[in-house]
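Please keep the sequence and the model at hand while reading.

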Amino acid sequence: MDFWAWLILITKVLAIFVLFALAPLVLVLAERQILGRLQSRYGPNRVGWSGWLQTAADGLKLGIKEDMMPAGSDKGIFWFAPIIMVMPAMAAWAIVPFGPTVELGRSIGLWIADLNVGVLYFLAMGSLGAYGVVMAGWASNSKYAHFGALRATAQLISYELVLGLGVLAVVLYSGTLSLVDIVDAQKGLWFIVPQFVGFLLFLFAAVAETNRAPFDLPEAETELVAGFHVEFSGMRWAFFFMAEYANILLMSAVITTLFLGGWHGWTIPGAEGLTSVFWFLLKTLTFVFLFFLFRATLPRFRYDQLMNFCWKILIPIGVVNLIAAAGLRIVWS
Amino acid sequence: MPSWIAVVILMAVAFLFAVGSLIGTMALKPRRKFDAKVEAYESGMVPLHDSRGRYNVRFYLVAVTFLIFDVELLFFYPWALYFNMISDQVSLFASGCVFLAILAVAFVYEWRKGALDWNQ
């Protein structure tokens, strides 16, 4: 690799870093504004122009808050849990393709790394988040955190299977694990059309994996106060929050990539790169809005309903769907 | 392997960001600790004992079931990947079905035994 290749790579990494640092601020604010409108009340409207600086102020406040370590907590694990939560949430962005290869003096792919095991890398980074949850709940020495972590772990690992089944159906059609190649394979037909069932499985699992309503049992406010991160404060707590919102954006981006044709859309000649990124962002943000809409409109599941829904409905459907997809492929080819 | 270098760089940046901002806020944050403040939260009660006690065995059952199914799912990645590469798709399909049938027996057994029922 020569100097320019390194420079381009460092620029891309910095761009992802800025996205990761700013996206939660914007998303939290957008969620609060949208929730406010949906519930016929004002959202945040004091700090900045009609509240647009609210989360920046919140972030500043969290940065200078005292962060406590409860008595009897496991210090090392308590220190490390937020880090292991944030790190994979950011590292997973390496494989997301934001747009096609563009020509700016040399060809630049609008992704950090086109791994030939991209899908597995995404799933692996997703599973690492479960470690953060377990470590946080175990280290806190609080009963609420303990129960929250147990629930969260069971939920995360159960829905990981559903996530995997949804992805498998796409892999069956595309014949590749690289996300860039998967997008290329959807040039003619988006995978949501032949794999609508897989899309639904992936969507449900994505909502459950990010601990969002209606699957937000790990942090059910009315019974577990905040679940596994109840003892965390200050910057550490901010890390859990950042990871949650970064994961929402990541899940939306991956759904877009796997099922909605990624950056494909009508392009303006001469500005293909720009319009492609526009389509990608538009589709991604649509799913982010869907996440917010779920939270505003759906009541929380009961825990036994959650587990039964996963093991007795989604997983059998996923397996049958996989076999059916394989059968259809043979019939078509 | 330039693509892996990129991933490692991103991970390093993520790690440095996390550790750096934790250390950075250490300089800013106040330190005013007293016994009642560092107590674990328990709705205002004084915690009686360590919270890491026994818990429901169902969580363990879920973990074991997950292990079995996750390994099974991993076997399916090469299977799904090779569907586009080989010509004899029918035998590949058949072998996948046999594998799934064996798994389905275990799944049905588990279901009948009530391992998947949460409220019993």
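In the lining of the largest pocket, at least two residues each come from α1, α2 (54-63) and α9 (234-259) of chain A and from α1 (2-28) of chain B. Helices (H or I, at least four residues) and strands (E, at least two) are DSSP runs, numbered from the N terminus. The model is a predicted one, in which local features need pLDDT of at least 70, side-chain atom pairs count only at pLDDT 80 or more, and totals for chains, interfaces and linings use all residues. Residues are numbered from 1 along each chain as its sequence is written, chains are lettered from A in the order in which they are written, and side-chain values use heavy atoms, with hydrogens and water left out.

**Largest pocket**

- A pocket is an open set of points on a 1 Å grid over the protein atoms alone, where a 1.4 Å probe fits, with protein on both sides within 12 Å along at least five of seven lines; lining residues have an atom within 4 Å of a point.
- The largest pocket holds about 830 Å³ of space, a volume being the space filled by probe spheres set on the points.
- Its lining consists of 34 residues, and Val28(A), Leu62(A), Trp237(A), Phe241(A) and Tyr245(A) lie nearest the centre.
- By class, this lining has 18 nonpolar, six polar and 10 charged residues; Ala, Val, Leu, Ile, Met, Phe, Trp, Tyr, Cys and Pro count as nonpolar, Asp, Glu, Lys and Arg as charged, and the others, Gly among them, as polar.

**Second largest pocket**

- The second largest pocket has a volume of about 680 Å³.
- It is lined by 29 residues, with Leu19(A), Phe98(A), Leu249(A), Val277(A) and Leu281(A) closest to its centre.
- The largest share of this lining, 11 residues, is supplied by α1(A).
- The lining of the second largest pocket comprises 26 nonpolar, two polar and one charged residues.

**Salt bridges**

- Seven salt bridges are counted over all chains, each being a side-chain nitrogen of Lys or Arg within 4 Å of a carboxyl oxygen of Asp or Glu.
- Glu31(A) is bridged to Arg212(A), with the closest N and O atoms 2.4 Å apart; the two residues are 181 residues apart in the chain.
- Glu31(A) also meets Arg295(A) in a salt bridge (3.0 Å, N to O), and this pair is 264 residues apart.
- Glu31(A) is buried, with a relative accessible area of 1%, whereas Arg295(A) is partly exposed at 36%; buried means under 20% relative accessible area, exposed over 50%, and partly exposed in between (1.4 Å probe, protein chains only).
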